[in-house]
Amino acid sequence: FGQPDFPPAFAAMQSYYAKAPLATITVTNTDSREITDLSLSFSQALYMDGPTPFATIGSLKPGQSATVEVLASFNQAVFSTEGITPLVGEIVASYRRGPRTVEQRQSVSYDLYDRTAIVWDDDRKAAAFVTPADSALRNYASYVRQACKDASLPGFSGEIQFAMQMFGSLSALGIIYQADPGTPYAAARGGPGIVDSISLPRDTLKRSTGDCDDLSVLFCSLLESAGVETALITVPGHIFVAFNTRAPGRSYATVHPDRSMTINLQDELWIPVEVTLLGKGDFLSAWKAGAAAWFALEATPGLRAFVRTREAQAVFRPVGLRESDLGLQYGDKAAIAARFRAELSMMVELLVTDLSAKARESGGAQAWNRLGIAYAKFNQLAKAREAFGKALSAQPGMPDALINLAGVLYLSGDVRGAAAEYEKLLAALAAAGETASWRSMSATINLAQCRYDLGDPAGAGRLLALVAAADPALASRYAHLRGAEAAAGGASGDRASSAGQITAGILFSGSD
């Protein structure tokens, strides 16, 4: 065996060592005879359930050597260690010397670092600290999602909204960046063999502070817990996060009007986030800082790395955790929701900036209508109503603007106002000879719904009969509007009682 020299082992790399080398050793046949059927295994008391076979060699002639890689199938006990644990393991060689089977043993000494330790010789190793299956994180993420549920927008990227919720809630919880006083990331990343420490996400959440790697793996873990794909970005002296919006590259304007704010990877748009701005800035500021850090190295791409978490975890699986109640404080739901609403409003204004500028510059009905549609998709109903009103001021009786305004009024709870706009629209369409078009049929059904909600089932039935005469199949989908038996609960004044029944065509007419 010569003098086996084992490097330190790292608990976080437990799964890695079962397939990739913990160490290498050289074995030499010092006998005068050839040896055959050599098999080698590695054992470690307490931290292995049995020996790990790692090499077989058919034969070694006298004086011949072979260098082989040592594998180690550690068990979950490695995750229970603290600090540095000195260990003594054993390599066992079994071989045949002529007719006899011979066994030889060699002790090896090395250190085992606990599950927070890492050496930055492979950026993918950081993925081992991303723990989306941790119930503590899943519970926290679920709490935040519930707090923000009523403020979420169905017409906008769920991935972006969830990332905003997580960033805002962590800031509200008081999570802040604090450099590692022992081994700052920049120093550990720049020096070969320097041992760094990454806190487990659950510990960072409990402690409320962390350096760039701690905060990055926490943020990734929370996003991954909800199925949002993440990546870890490394640049000289720093690490931060990106997540996949799943929006195609050509649709960058639905994510951000500035294409350079996103990373296009295999025609999917990723958003970089500078997590060290937690507690110091809003989500948009962190997004902007992340994009700036990524694109600053556009001319020297070799200085940056983009590590997709799930791909890296195929090699470096997440560290093992035992389920436990951490006694975490999740923060005030109302405060979390208020922060999310404010940041979401900023996001909407950013996304409609171009449309808003065009509407104000041209003053045209179509431009205002498009702006109103954008606001309506983001559930900014008051602003949508204003935009549709300006479209109608520029072009009175414009059918698209009328049907959109009516829809916004209905969704806002102003059923009488919506009914009045549908009546105007139907009159304008009739005057233009348009009585059986999609707009006409849609407006008639929606007016019937308004009548039904206002306690006039007979009027609703008459309107639906007009639709049935032109399109029986379409009318059959809204047969609930025919019956007077359910009308008693519909007399709700100006408040919509069954907005879910309104037709899909009520909004976004004329959106090109």
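This tour moves through the structure selection by selection.

The model is predicted, so local features require pLDDT of at least 70 and side-chain atom pairs count only at pLDDT 80 or more, while totals for chains, interfaces and linings use all residues. Residues are numbered from 1 along each chain as its sequence is written, and side-chain values use heavy atoms, with hydrogens and water left out.

**The largest pocket**

Select Ala 253, Thr 254, Leu 351, Leu 355 and Ala 374, which lie nearest the centre of the largest pocket among its 21 lining residues. A pocket is an open set of points on a 1 Å grid over the protein atoms alone, where a 1.4 Å probe fits, with protein on both sides within 12 Å along at least five of seven lines; lining residues have an atom within 4 Å of a point. The space in this pocket is about 580 Å³, a volume being the space filled by probe spheres set on the points, which are joined across faces, edges and corners.

Next, select helix 10 (353–362) and helix 11 (365–377), each of which supplies at least two residues of this lining. Helix 11 gives the most, with 4 residues. Helices are DSSP runs of H or I with at least four residues, strands are E runs of at least two, and both are numbered from the N terminus. Colouring the lining by class shows 12 nonpolar, 4 polar and 5 charged residues; here Ala, Val, Leu, Ile, Met, Phe, Trp, Tyr, Cys and Pro count as nonpolar, Asp, Glu, Lys and Arg as charged, and the others, Gly among them, as polar.

**The second largest pocket**

The second largest pocket holds about 330 Å³ of space. Of its 14 lining residues, select Phe 79, Ser 80, Arg 115, Gly 320 and Arg 322, the closest to its centre. This lining divides into 2 nonpolar, 6 polar and 6 charged residues.

**The nonpolar cores**

Turn to Phe 6, Leu 40, Phe 42, Phe 54 and Phe 219, the residues with the most contacts inside the largest nonpolar core, which has 153 residues. Such a core is a set of buried Ala, Val, Leu, Ile, Met, Phe, Trp, Tyr and Cys residues joined through side-chain atoms within 4.5 Å. Another core, of 9 residues, lies apart from it and includes Ile 233, Phe 240, Ala 242 and Trp 294.

Now select Val 68, in strand 5 (residues 65–70). Val 68 counts as buried because its relative accessibility is 12%; buried means under 20% relative accessible area, exposed over 50%, and partly exposed in between (1.4 Å probe, protein chains only). Leaving aside neighbours within four places in sequence, the contacts of Val 68 include Ala 23, Leu 40 and Phe 54, contact meaning heavy atoms within 4.5 Å. The C-alpha atoms of Val 68 and Ala 23 are separated by 8.7 Å, although the two are 45 residues apart along the chain.

**A buried serine**

Ser 221 is found in helix 6 (residues 212–225) and is buried, at 0% relative accessibility. A polar atom of its side chain lies 2.9 Å from the backbone nitrogen of Thr 131.

**Two positive phi angles**

Most residues other than glycine have a negative phi. Select Ser 208, in the loop between helix 5 (201–207) and strand 11 (209–210); its phi is positive, at about 75°. Finish at Asp 267, which has a positive phi of about 60° and is found in the loop between strand 14 (263–265) and strand 15 (268–273). Asp 267 is partly exposed, with a relative accessible area of 42%.

Methods:
A polar contact is a pair of N or O atoms within 3.5 Å; within protein, one must be able to donate a hydrogen and the other to accept it, and residues adjacent in sequence count only if both atoms are side-chain atoms.
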